[in-house]
Amino acid sequence: MSHYSFLSLLSGALGRHRRWSQAWRTPTPRKAYDVVIVGAGGQGLATAYYLAKKHGIRNVAVIDKGWLGGGNTGRNTQVTRSNYFWPESAAFYEHSLKLYEGLSRELNFNVMLSQRGILTVAHSHHELESLRRWANAIQVNGIDSELMTPGQIKKLVPLMDLEGRFPVHGGFIQRRGGISRHDAVAWGYARAANALGVDIIQQCEVIGFHRQSGRVVGVETPNGTIGAGSVVLSVAGHSTVLAGKLGLRLPINSMALQAMVSEPIKPCLDTVVLSPTVHMYVSQSDRGELVLGGGADVYTSYAQRGGLPAFQHNVTALLELFPAFRQLRLMRQWAGIVDITPDTTPIMGRTPIEGFYINCGWGTGGYKAIPAGGDTMAHTVATGQAHPLIAKFCLERFVSGALIDEGAAAGVAH
Amino acid sequence: MSSSGAYRLAQGGQLDRSRSLSFTFNGRLLSGHAGDTLASALLANGISVVARSFKYHRPRGIFSAGFEEPNALLRVEINGAAVPLVRATMQPLVEGMVVTSENCFPSVDFDLARIFDHAHALLPAGFYNKTFKWPGWHTYESAIRRMAGLGTLPTGEDKTAFFRHNLRCDVLVVGAGIAGLSAALEASRAGARVTLIEQDAELGGRALCERTPIDGRSSQSWIGEVVGELKASSQVTILRRTLVAGYYDHNVLTALDLSDNEHPTGPVQRFWTIRATEVILATGAIEQPLMFAHNDRPGIMLAGAVRAYLHRYGVAAGRRAVVATNNDDAYRTAFDLHDAGVEVAAIVDARERVTAEVEEEAKRRGLKVLRSSMVVDTRGTTTLRAVAVHAISSDGFRLRDNGVWISCDTLAVSSGWNPTVHLYSQAGGRVRYDTSLACIVPDSCRQRVRIVGAANAEFAALSAIASGARAGREAACSPRESQPVPRGASSEYRTATNGIQPIRRAPQTRSARQWVDLLHDVTASDIELAARENYAAVEHLKRYTTNGMAVDQGKTSNLNALSVLSEVTGRDIGALGTTTYRPQFMPVTFGAISGDARGDLYAPPRHMPAHQWHVTHAAQLDDYGGWKRPACYLRAGENRDVAINREVKAVRSALGLFEGSPLGKIEVRGRDAARFLHRIYLNNVTSLQPGKVRYGLMLNENGIVIDDGVFACLSPEHYLVSTTSGNAERIAGWLDEWHQCEWPELDLVLMPVTSQWAVLTLAGASARALLQQFPSDIDFSAAAFPHMSFREGRIGGRRARVQRVSFTGELSYEISVPADEAEELWQELMQRGAQFGITPIGLEAWLILRLEKGFLHVGSDTDGTTNPLDLGFGPMIQKKVGDFVGRRSLMRAHDQATSRRQFVGLEVLTTGSSLVAGAHIITSPAPMKRSEGFVTSAGFSPTLGRFIGLGLLEGGHARIDETVTVFDEGRTVQARIVKPAFFDPSGERMNG
Amino acid sequence: MLQIHCPYCGMRDEEEYRFGGESHVTRPTLEASDVAWADYLFNRINPKGIAFERWLHSYGCGRWFNVARDTVTHEILAVYPMGAAKPQLSKVESAQTREPVSRAMRSVGEGLS
C-alpha cells in the first residue's frame with residue numbers, strides 16, 4: 001500500500017501518478033472467515049479495521065450488495081459531535097469524537113475533520129431552559145459546551161436573523177463539534193482494513209444466513225455460502241429485512257432522511273447551526289456548498305429518494321433563519337434510509353442468536369459514531385462480551401423498558 | 001456589422017434588431033439586442049474569456065448555448081441586486097445589467113491563482129486525502145475554503161417576489177421542441193387538459209437553432225402553426241422559461257418559473273407543483289464534447305451551440321472555424337458557418353467513413369474533410385489560435401502521423417447527442433447505455449410517464465414528431481384508474497446521431513491534460529488515477545474525482561467520464577452503470593421553493609380571543625406553543641421581573657385575571673364516554689359524579705406521562721376533557737386514534753372545542769365575591785360550588801361553563817364563554833373587579849404561582865422519560881380498576897425502580913444565590929462526578945422571598961431534606977430537597 | 001409527493017394525511033409477558049415491499065383507514081377501512097417482481113373477502 005504524505009504526492013507527481021497502488025483490492029471471497037461483516041458502510045468497515053488492528057483478527061470479510069460507503073455513510077450531512085444528554089450516550093459519542101480527532105493520522109488518510117463548532121439555538125425562554133439543561137448535562141459529562149447569548153450568536157453567525165418569526169433567545173455551542181468528509185471516512189477505513197488483510201467484497205448481496213444447531217455459521221450469497229465464525233450485521237436501513245431472515249424482530253422503522261446542497265459559494269457560514277424547533281440544520285462544506293437537512297419523510301420508505309413536503313419544509317425553515325440565502329440555489333437533494341428506534345439510541349451487540357451480532361438503529365446519527373461503533377463492536381465480537389460503552393445499547397432494553405431516550409431529553413421528540 | 005458587436009452577422013437570428021440594450025461586463029460597456037441571451041451578446045462582442053475554472057483558474061469561454069453550460073457562470077446584477085452563478089446561456093439580456101466574472105483575482109484576463117494550473121501535477125484527484133494531515137486539517141482549511149466556492153453571496157436589496165402555485169392536468173408535456181409540441185397537440189386534440197412547459201422563452205426547442213426544414217417546410221412555419229393551435233385551445237396551458245427540476249412520487253413534478261424574473265416592476269419567481277395524470281418527457285438531448293489535450297480553451301464550443309448562435313442570434317462564434325466530430329450531425333455546423341460566410345478551415349472526423357450525402361454536401365462547398373483524424377491538441381491563451389490534427393487508428397487509440405497545426409479561432413466539437421434522461425431517472429425510470437446508439441437511453445419506469453423525441457434517442461425530426469404525437473394520443477386516452485406498471489420506453493423510432501462512432505477521446509500526447517469536467521477541472525488522467533487506485537465504481541469515481549458534482553451536474557461530462565473509465569478498465573460502458581440522477585435537474589432558487597411562506601406565513605401565530613385587550617394594555621407577547629400570549633403586562637417604569645413579581649403578589653393578596661383560552665378542551669359524549677375515558681386516564685373515571693371535576697394524567701403506551709389536566713362530568717354520557725395548552729390538538733387526535741383504531745365498538749363522539757370557548761380565569765381570595773356581583777343562575781357560594789366542581793349557566797347574560805379548579809393555589813374559577821364574547825366579559829370583569837384590586841396576569845406570573853404551589857407542569861417538569869410513579873402517583877394507580885393506556889408498561893421492574901428520577905422540590909440554601917431551570921443536581925462539586933437529576937422549573941418566589949425550584953432527582957422521594965449541589969454553567973449552589981409544595985401545602989386557600 | 005385516495009374524500013396530497021404506522025397490531029392484555037408486551041410496543045415488520053399501514057386524513061374528514069403500500073416504489077395497492085382484514089394481495093407481487101395490480105384493489109370494499 002502506498003503511504004500517503006506530501007512527499008509521496010510529490011514523488012507521485014514526478015511519476016505522473018502512475019505508481020499509486022490500489023486503495024483496496026477486489027478479492028475473490030474465501031470459503032470461510034472468522035468474522036463476516038454484512039454491510040461495507042462506515043460502521044462495518046471500521047469494525048473490520050479494529051478487529052484486525054486491535055484484536056489481531058484479520059481473517060475478516062466485509063460484504064456489501066453495492067459499493068463500499070455507498071449507503072448512509074455517503075449520504076449524510078457529515079456532522080461530528082458528542083453533545084449528548086445521557087451519560088451513556090455522551091461517553092460513547094465522546095469516545096467517537098476523540099477517535100475522529102486522530103483519525104486522519106491513524107488511517108493515513110485525510111478525513112478533513114473541521115472542528116468549527118456546532119451551535120444549537122433556542123427560540124423561546126422555555127426552549128432556552130431545555131438547552132441549558134442539555135448544555136449543563138454535557139458539561140457534567142466532562143465534554144465542552146457553552147451557552148451563548150443572542151449577541152454572541154450574532155457575532156458568530158452574522159447571517160442568521162435573530163428577530164424572525166421565531167426569535168433566537170440564545171443557544172449553546174460545542175466547539176469541538178463540526179464536520180468531516182464522509183467518503184473519506186469510508187475510504188480511509190476500507191484502505192486501512194484492506195492493508196491489514198481484510199477482504200472487502202463489493203457487489204455481493206447477502207440473501208440469507210446459514211445456521212447450524214441454532215448458531216449462525218455463514219451467509220448465503222448469490223455466489224454461494226461463505227462460512228463465518230461470527231456474523232455482524234451493519235446494514236442501516238435494511239436491518240429488519242436481514243434480521244427478519246433469522247426470525248429476529250427489531251424495534252426499527254426505516255425512513256427516508258433527506259439532505260440537500262446549494263450551489264457552492266465563498267465561505268459565509270463558519271459554524272454548524274441547528275434549530276430543533278424549526279427542524280433544520282445547516283453547515284457550509286469545504287467546497288462551499290450549504291449542506292442542509294432536517295426532517296425525514298414521515299412514512300416507512302426504502303426508496304433512496306426524498307419526498308417533496310419534507311424538502312420544502314427544510315428549505316423554508318432555512319430561509320426563516322437565514323433570509324440572506326433566498327437567492328442561492330438548491331443544487332441537489334437526496335435521501336438515505338435510516339433505522340429509527342423508539343428511543344433514538346442505537347442497538348448494538350449480541351442477539352439471542354449465537355454468533356450473530358447487530359449494529360443498527362442509528363437513526364439520523366450513525367456517521368458521527370463510526371469510529372466508536374467500529375471499535376466497540378470489534379471488542380464485542382472479539383471478546384464475546386459487550387464493550388462497556390455499549391452495554392446499555394443492547395436489544396434487551398426494549399423488554400426491560402430501560403430506554404435511553406435522547407430525543408426526550410433534548411426536549412425535541414417529546 | 002451591427003453595432004451590437006463585431007461578431008454579429010448582418011442578418012439572421014430571431015432578434016429585435018431595432019432595440020439595443022446596453023450592459024457592462026467586468027466594467028466594459030457593451031450592447032446587444034432584445035432577444036439576445038447574455039452569452040450571445042458577449043459572443044457578438046467578441047468576448048472570449050468569460051470565467052476562470054474552479055481548480056486551476058484557467059481562462060474559459062462560452063461552451064454551449066443552453067442549460068448544460070459549464071463555463072459561463074457569472075454574477076449578474078439587475079437594479080442593484082446581484083446574484084451569483086447565473087448561466088449566461090440562459091439569462092436574457094436586460095438593459096443596464098451589470099455582469100462580472102467571479103472566482104478570479106485581479107481580473108478574469110489575468111488571474112493570480114493561475115499558479116495552481118502550473119502546480120497541477122501536485123493536485124490530482126483526491127490530493128487532499130493524501131496530504132494536509134499534519135498537524136491537522138484545520139491548519140490548511142481556511143485557506144482551502146477560500147479557494148473553493150464559485151460565487152459569492154448575493155448582495156443588494158433582494159426585491160424578488162416568490163410565489164408557490166399549484167397545477168393539475170391530465171397530460172403534462174415537458175419540453176416544447178418538435179416532439180413535445182406534437183405530443184401536446186395530439187393530447188389536446190384528444191380532449192385532454194394539457195400543460196406544456198418549456199425552459200426557454202421561445203417554443204420550438206432545437207428547431208429554433210437549425211435551418212433544417214420539417215415536413216417539407218421551414219421549421220419556423222411548422223412551429224408557428226402548431227403553437228397557434230395550442231394557444232387557441234382552452235384545454236392547453238403553456239408555461240415558458242419554466243424549468244421542470246424535480247420529478248417526485250405519484251407523478252408530482254416541480255418547476256421554477258422565471259418568465260417574470262426580469263419584470264420591469266421587480267423580479268418574480270414562481271415555484272409550481274404540478275400533479276399530472278400522465279407525463280410526457282420531451283426533454284431533448286445534450287451534445288457531448290470530445291476529449292483531447294487542452295480541450296478547455298476559450299473558442300472551443302459544442303457544434304450545436306455554434307449553430308444556435310448563428311441561427312437564433314445572428315452571431316458568428318469566430319472568424320475561422322474547425323469542426324471536430326465523430327458523427328454526421330456536426331457537419332451541419334460546417335455547412336451553416338460556410339453558408340453564412342464564416343471560413344471553415346477543416347472538418348476533422350474521427351471516422352473512416354462518412355455518409356455519401358454529407359460528403360457530397362461538403363464537396364459541393366469545397367470544404368476540407370480530414371477523415372480518420374482527430375484534434376489532438378490546441379494552442380492559444382485567451383483565445384484559441386490553432387489545433388493539432390493527427391490521423392488516428394480506426395479504434396481511435398493510436399496516432400498515425402505527426403499531425404499538422406491548423407490555425408483557427410473557433411473549434412466546434414461534437415461527440416454525438418445524449419438524451420436528457422434526468423427527469424426520467426428521477427421518476428424512478430431505469431436508463432441504460434445503448435451501444436449501437438452510443439448514448440444513454442431510457443429503459444422503463446413504473447410511473448405514468450412516456451419519453452419521446454431526442455430524450456428517447458429519436459434524433460430524426462420526423463421520428464420525434466411521430467413519436468411525440470403517438471405519446472400525446474395515448475396519454476390522453478390512458479385509463480385514469482389503471483395502476484402504473486413498468487412501462488417500457490418505446491424504441492421504435494430511435495435513430496442514432498447520424499452515423500456516430502463512439503471515438504470520444506484522442507490519443508494522449510505527452511502528459512497534456514484532456515478535460516472531462518470543465519467546471520470542476522477534472523481531467524482524463526484524474527479518472528485514470530481513480531481507476532488505478534480502484535475507485536472504479538461509478539459512484540466512487542464521481543466522488544473521488546468530483547466529476548459531475550459541480551453545478552452543471554455533469555451534463556457534458558458524465559458520459560465522457562464513463563467512456564474513459566471503460567477504456568481504462570476494459571469494461572463496456574453499459575456494464576459500468578450510471579449514477580442516479582437526483583433532483584434538482586437544474587438549480588432552483590431557495591426563495592422560490594419556500595415561496596411567500598416567511599414570517600407569519602411560515603408559522604401563523606395564534607391570537608387569543610381577548611388579544612386586542614392585551615395588546616392595548618402593554619402585554620409583552622411571547623410565543624408559547626404557537627400562541628402569542630402575554631408573558632406579563634408592563635406598567636410604566638417596570639421591567640419584566642418587576643412586573644411578574646407584582647402580578648404574583650396581586651393574585652396572592654387580591655385578585656388576578658388570566659386568559660387561558662388555549663387550554664385544550666375536548667367534549668366526549670355518548671353511552672360509552674366514561675368507559676372510554678376510563679381506559680385513557682390513569683385515574684378512575686367511572687366513579688366521577690355529574691358536576692364534579694377530577695385531575696387526571698394521560699400516559700402513552702410506554703407508560704410515559706404525556707399530558708395532565710382536569711376532566712369534568714357534565715352528565716353520565718357527557719364529559720369535558722381539559723388538556724395542556726401546547727397539547728390541545730395532539731391529545732384530541734390521539735384520543736380519536738384510540739377510538740377509531742382500537743376501540744371502534746365504543747359508542748361515543750369526540751369533539752375538540754378549544755377555539756370555541758375562551759377561558760378567563762379568576763384567581764384570588766375575592767374571586768367569589770366578584771362573580772357574585774354578576775347576575776347569574778349559578779350559585780357561587782362555597783357550599784353550593786365547592787372546589788373541583790363544574791357548573792354550567794349564565795353569567796351576566798352570557799352562556800358560561802365554570803370549573804372551580806386552581807393552578808395557582810388560590811380560590812379560582814375557570815370561566816369558559818363563547819370565544820367571541822370573551823373580550824366583553826374580560827372588560828366587564830376588569831371593571832367590576834376594580835374594587836377588589838383586580839390585575840391582569842401574564843403567563844410567567846401564572847407559572848410562578850403554580851411553582852410556589854408545587855404543581856406539575858407537564859412538558860417542563862416531565863420529559864419523555866417520566867412515568868407517573870416518578871411523580872408520586874403510585875397509590876392512585878393502586879386504586880384504579882382495570883386497564884388504561886400505559887398501565888402494562890408500568891408493571892416492568894425498570895419502571896418501578898425507586899432509583900429513578902423522581903419529582904421533588906428544591907430550596908436554595910446559599911443566600912443571595914439563584915436557581916435556574918436547566919441546572920443539574922450533581923453528586924459532588926469537584927471533581928464533577930455525575931448528574932443525578934436536574935431542575936425542571938425554577939424562579940424567584942415573591943411570596944416566599946427566595947428562589948425555589950422543582951426537579952427530577954434520582955431516588956428523590958426518599959431524599960427529602962437532603963442537601964444537594966446544584967450545577968449551572970460551572971457555578972454551584974447548595975439546595976435542600978423538599979416536598980414539592982412550597983405555599984399553602986394544606987390547600988386551605990383554594991379549597992376555601 | 002404521495003397522492004393518497006381517501007375512501008371518504010377522494011384523492012389528496014400526502015400533506016393532508018398523517019401516517020400511523022403498521023396496522024393490524026393486536027393490543028395484548030395486562031397479563032401479557034414483558035417480552036410479548038415489548039413486541040407489541042416496539043417491534044414492527046417494517047417490510048421492504050408491501051406494508052399494511054394506517055393513515056389518518058387529518059386535514060380532511062378526520063377518519064383513519066388502512067393502506068397497502070409498497071415501501072420501495074411507494075405505489076398504493078389498496079385502501080380499506082379500519083377493522084377490515086388485510087386484503088388478499090397474493091396476485092399483486094412486490095415491487096421486485098413488477099406485476100400489474102388489479103384495478104379492483106383501489107377502492108374500499110372492493111377486492112376484500
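A salt bridge is counted here when a side-chain nitrogen of Lys or Arg comes within 4 Å of a carboxyl oxygen of Asp or Glu. The structure shown is a predicted model, and by this rule the count comes to 106 salt bridges over all chains.

**The interface of chain A and chain B**

Across the interface of chain A and chain B, the rule finds 10 salt bridges. In one of the bridges that link these chains, the side chains of B:Arg543 and A:Asp183 meet with 2.8 Å from N to O. On the side of chain A that touches chain B, the residues divide by class into 48 nonpolar, 32 polar and 24 charged.

The size of an interface is often given as the accessible area lost when the parts come together. For chain A and chain B this buried area is about 9500 Å², and carbon and sulfur atoms account for 56% of it. Within chain A, the residues that lose the most area to chain B are A:Arg165, A:Arg326 and A:Gln327, which together make up 9% of what that side buries. In terms of contacts, 104 residues of chain A meet 112 residues of chain B.

**The interface of chain C and chain A**

Chain A also touches chain C, in a contact that takes 24 residues from chain A and 23 residues from chain C. The area buried between these two chains is about 2100 Å², with 54% of it given by carbon and sulfur atoms. Of the area that chain C buries against chain A, 31% is supplied by C:Phe42, C:Asn46 and C:Lys48, which is more than any other three residues supply.

The rule finds 1 salt bridge across the interface of chain C and chain A, and C:Asp39 forms a salt bridge with A:Arg249 in which the closest N and O atoms are 2.8 Å apart. There are 12 residue pairs in polar contact between the two chains, again with both residues at pLDDT 80 or more. Helix 1 (34-41) and strand 4 (50-56) of chain C each supply at least two residues of the side that touches chain A, and helix 1 of chain C gives the most to that side, with 4 residues. By class, this side of chain C has 10 nonpolar, 5 polar and 8 charged residues.

**A salt bridge within chain B**

Inside chain B, B:Arg450 forms a salt bridge with B:Glu278, the closest N and O atoms being 2.9 Å apart. Because B:Arg450 lies in strand 26 (residues 449-451) and B:Glu278 in strand 13 (residues 268-281), the pair ties together parts of chain B that are 172 residues apart in sequence.

**Backbone details and a surface patch**

Most residues other than glycine have a negative phi, and most peptide bonds are trans.

| Cis peptide bond | Omega |
|---|---|
| B:Phe105 and B:Pro106 | about 0° |
| B:Pro583 and B:Gln584 | about 5° |

B:Pro106 lies in the loop between strand 7 (98-100) and helix 2 (115-118) of chain B, while B:Gln584 lies in the loop between helix 15 (573-576) and strand 30 (588-589) of chain B. In chain A, A:Met112 has a positive phi, near 55°, although it is a residue other than glycine, and A:Met112 lies in the loop between helix 4 (103-107) and strand 4 (118-122) of chain A.

Finally, A:Phe6, A:Leu7 and A:Leu10 form a nonpolar patch on the surface, with about 320 Å² of accessible area together; A:Phe6 lies in helix 1 (residues 6-14) of chain A.

Terms used:
Residues numbered from 1 in each chain as written. Chains lettered and ligands numbered in written order. Predicted model: local features only at pLDDT ≥ 70, side-chain atom pairs only at ≥ 80, totals over all residues. Heavy atoms only, no water. Patch = residues over 30% accessible without salt bridge, like charges linked within 9 Å, V, L, I, M, F, W, Y side chains within 5 Å. Areas by Shrake-Rupley, 256 points an atom, 1.4 Å probe, with all protein chains shown as cover. Contact = heavy atoms within 4.5 Å. Buried area = accessible area lost by both parts, 1.4 Å probe. Polar contact = N/O pair within 3.5 Å; in protein donor to acceptor, adjacent residues only side chain to side chain. Nonpolar A, V, L, I, M, F, W, Y, C, P; charged D, E, K, R; others polar.
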